[in-house]
Amino acid sequence: MADTLTQEKTRTEESVARPWNVVVHNDPVNLMSYVTMVFQRVLGFDRKRAEKHMMEVHKAGRSVVWTGEREKGEMIVQQLHGFLLLATIEKD
């Protein structure tokens, strides 16, 4: 019985502690320079880091641009949607 409780407690703690990723997906609409600018504005990236993620989106089809707590990730996704970028949030 104690093992079951310990396992459930451990699973619950892991699910709470697991971070969430904000993923930006490639789209055929937005220019690369626009995506770079959005990453700088929304995520506070410097130009070099923003261009790195933009190229990852362009070549690999997606890039994890942020990792952390769910609520903040959801807010970032909403901000990215406000700039018409295709972004989702998923568990790490």
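These are legends for close-up views of a predicted model.

**View 1. The whole protein, before zooming in.**
Start with the parts list: the protein has 4 helices and 3 strands. Reading from the N terminus, they come in the order α-β-α-α-β-α-β. Of the 92 residues, 30% are buried. If you take the contacts with a separation of 6 or more, 67% of them join residues 24 or more positions apart.

**View 2. D27, a buried charge without a salt bridge.**
Look in the loop that runs between β1 (20-25) and α2 (32-43), and you'll find D27. Which side chain of opposite charge is nearest to D27? That's R62, and it is 14 Å away, so D27 has no salt bridge, given that such a pair has to be within 4 Å. What does the D27 side chain have around it, then? A polar atom of the D27 side chain lies 2.9 Å from the backbone nitrogen of V29. The backbone nitrogen of N30 is also 2.9 Å from a polar atom of that side chain. Leaving aside residues up to four places away in sequence, D27 touches L84 and L86.

**View 3. R47 and E51, a pair within one helix.**
Side chains of opposite charge can pair when their charged atoms come close. Here, R47 and E51 make a salt bridge, with 3.1 Å between the closest N and O atoms. Why can these two line up? They sit 4 residues apart in helix α3 (residues 47-60), which puts about one helical turn between them. E51 is partly exposed, at 31% relative accessibility.

**View 4. R62 and E90, a pair between two strands.**
Now for a salt bridge between R62 and E90, at 2.7 Å from N to O. This one links distant parts of the chain: R62 belongs to strand β2 (residues 62-68) and E90 to strand β3 (residues 86-91), 28 residues apart. Buried or partly exposed: what is R62? R62 is partly exposed, with 34% relative accessibility. E90 is partly exposed as well, with a relative accessible area of 27%.

**View 5. R70 and E74, one turn along α4.**
The whole structure has 3 salt bridges, and one of them joins R70 to E74, whose closest N and O atoms are 2.9 Å apart. Both residues are in helix α4 (residues 70-82), 4 residues apart, or about one turn of the helix. R70 is partly exposed at 43% relative accessible area, and E74 is partly exposed at 33%.

Notes:
Residues numbered from 1 in each chain as written. Predicted model: local features only at pLDDT ≥ 70, side-chain atom pairs only at ≥ 80, totals over all residues. Heavy atoms only, no water. Buried < 20%, exposed > 50% of the residue type's maximum accessible area, 1.4 Å probe, protein only. Lys, Arg positive; Asp, Glu negative; His and termini not counted. Polar contact = N/O pair within 3.5 Å; in protein donor to acceptor, adjacent residues only side chain to side chain. Contact = heavy atoms within 4.5 Å.
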